[in-house]
Amino acid sequence: MIYFFLFILFISIYFFLTDKSNAFKPNLNILLSALIVTLTYVIYLNVLSNGSYKLAQQKEGLEAYLEGDELAQIKQRPIVEDLVSELIEKKDVEAGELYILARQLKNTNNFELSLKVFEEIYRRFKDNLSGDIIAEYAQVLFISNGRKFDDVLDSLLTESLNKNPDNPSALTLKGLMELEKNNPKLTIEFWNKAITLLDSDKEKDDLRALIKAVKKRKNQ
């Protein structure tokens, strides 16, 4: 649409500047009209559009990044990193705006970038977050940390379960953490509860197998 408008603008300026008898002959007014239209376009992109052009580019880059192969992700990553940085720095950004991006990145296994967004969500909206969102944050942090537990992750899981004791992801991670602390009894308790809350039969079977392995090790 903008290009059609620029074309009409070019024609209008050119015929305004040019004598009608010379309108279809090469003359300097063509260059002058093109220069005016180009300046108009530059002003639109940088001032009048209020960043909408850049946002459109970022949106296209994000979609290509999320849906593309490894090569496409490498190509589009700088654009996505800029988008993440801009949203984090945006003073009036909405929690939902950040959360949608964090989930999109998480669901496509881009945990490093997702973690940055989740960290900002937690920093800004901590008191208003549900246990489920905090559990997602904990899950992304766990994976980003090389599947290692620390005090921050422990605190997040405790907070998540205080707000929602029935979150299967938090229960599963909490059980795994207790296993690393050599508390197999607590691990089994957390995982048995998680099984009743999972929707996937495969996830239930996998967790039952883990419980069986823990019990076997416990009795040795």
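Author: Let us begin with a loop residue. R147 lies in the loop between α7 and α8, where helices are DSSP runs of H or I with at least four residues, numbered from the N terminus. This is a predicted model, in which local features need pLDDT of at least 70 and side-chain atom pairs count only at pLDDT 80 or more, while totals for chains, interfaces and linings use all residues. Residues are numbered from 1 along each chain as its sequence is written, and side-chain values use heavy atoms, with hydrogens and water left out.

Reader: What is the phi of R147, and is R147 buried or exposed?

Author: R147 has a phi near 60°, a positive value in a residue other than glycine. For accessibility, buried means under 20% relative accessible area, exposed over 50%, and partly exposed in between, with a 1.4 Å probe and protein chains only. R147 has 52% relative accessibility and therefore counts as exposed.

Reader: How does one check the span of α7?

Author: The expected span of a helix is 1.5 Å times one less than its number of residues. The 14 residues of α7 should therefore span 20 Å, and the end C-alpha atoms are 20 Å apart, which agrees.

Reader: How many residues of α7 are buried, and against which helices do they pack?

Author: Ten of the 14 residues are buried, and α7 is mostly covered. Among them are G131, I133, E136 and V140. The buried residues of α7 pack against α5 (95–107), α6, α8 (151–163) and α9 (168–180); contact here means heavy atoms within 4.5 Å.

Reader: How many aromatic pairs does a search of the whole structure find?

Author: Rings of Phe, Tyr and Trp (its six-membered ring) pair if their centres lie within 6.5 Å; planes under 30 degrees apart count as stacked, over 60 as edge-to-face and the rest as tilted. The search of the whole structure finds four such pairs. In one of them, the ring centres of Y122 and Y137 are 5.4 Å apart and the planes are at 45°, so the pair is tilted. This pair links distant parts of the chain, with Y122 in α6 (residues 111–125) and Y137 in α7 (residues 131–144), 15 residues apart. Y122 is buried at a relative accessible area of 15%, and Y137 is buried at 8%. F142 and F149 also form a tilted pair, 4.8 Å centre to centre with 35° between the planes. F142 is buried at 6% relative accessibility, as is F149 at 18%. Y99, F118, Y122 and Y137 form one aromatic cluster.

Reader: Which residues touch the most other members of the largest nonpolar core?

Author: In soluble globular proteins, nonpolar side chains tend to be buried together. A nonpolar core is a set of buried Ala, Val, Leu, Ile, Met, Phe, Trp, Tyr and Cys residues joined through side-chain atoms within 4.5 Å. Of the 48 residues in the largest one, L105, V117, I121 and L157 touch the most other members. Not counting residues up to four places away in sequence, V117 touches V84, L98, L101, A102 and L105.

Key. Helix = DSSP H or I, 4+ residues; strand = E, 2+ residues; numbered from the N terminus.
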